[in-house]
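Trainee: Could we go through this model together for a bit? I'd like to ask about a few spots as they come up.

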Amino acid sequence: TSEIDQMIIANEKSIPTDHISAIRHYLEHDELSSAFEYLILEIMERGIMQPPGDMVRLQELAFFFGLNDENECMIDGDFWPKFQKFASKV
């Protein structure tokens with residue numbers, strides 16, 4: 001969770017407050033996969049990543065949470081293709 005917390009803090013000025021609240025809500029309820037998925041979707045939507053992320057580490061986390069399987073994605077079933085496209089641009 002500390003990695004997710006660090007990413008939230010680094011990017012929270014670029015993400016709407018209500019979306020940050022929803023991400024934190026997932027964290028508070030130990031829904032780490034959903035918090036990570038939502039946060040990365042917000043970052044991708046805005047084309048931001050502060051500080052510029054280590055894509056290898058983000059990919060490791062996405063795999064760890066099973067987000068390469070659309071059935072495991074709770075927020076967006078197309079998370080993985082979107083993430084791969086984003087990762088290729090960074």
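Trainee: Is aspartate 76 buried or exposed?
Mentor: Aspartate 76 counts as buried because its relative accessibility is 15%, where buried means under 20% relative accessible area with a 1.4 Å probe and protein chains only. This is a predicted model, in which local features need pLDDT of at least 70 and side-chain atom pairs count only at pLDDT 80 or more, while totals for chains, interfaces and linings use all residues. Residues are numbered from 1 along each chain as its sequence is written, and side-chain values use heavy atoms, with hydrogens and water left out.

Trainee: Where is aspartate 76, and which residues is it in contact with?
Mentor: Aspartate 76 sits in the loop between helix 4 and helix 5, helices being DSSP runs of H or I with at least four residues, numbered from the N terminus. Neighbours within four places in sequence aside, aspartate 76 is in contact (heavy atoms within 4.5 Å) with Glu37, Leu41 and Lys82.

Trainee: What joins the side chains of aspartate 76 and lysine 82?
Mentor: A polar contact of 2.4 Å joins them; the term covers a pair of N or O atoms within 3.5 Å, one able to donate a hydrogen and the other to accept it, and residues adjacent in sequence count only if both atoms are side-chain atoms.

Trainee: And glutamate 37, which side chain of opposite charge is nearest?
Mentor: That is lysine 82, 8.7 Å away. A polar side-chain atom of glutamate 37, a residue of helix 3, does lie 3.0 Å from the backbone nitrogen of isoleucine 75.

Methods
Helices (H or I, at least four residues) and strands (E, at least two) are DSSP runs, numbered from the N terminus. Buried means under 20% relative accessible area, exposed over 50%, partly exposed in between (1.4 Å probe, protein chains only). Lys and Arg count as positive and Asp and Glu as negative; His and the chain ends are not counted. A salt bridge is a side-chain nitrogen of Lys or Arg within 4 Å of a carboxyl oxygen of Asp or Glu.
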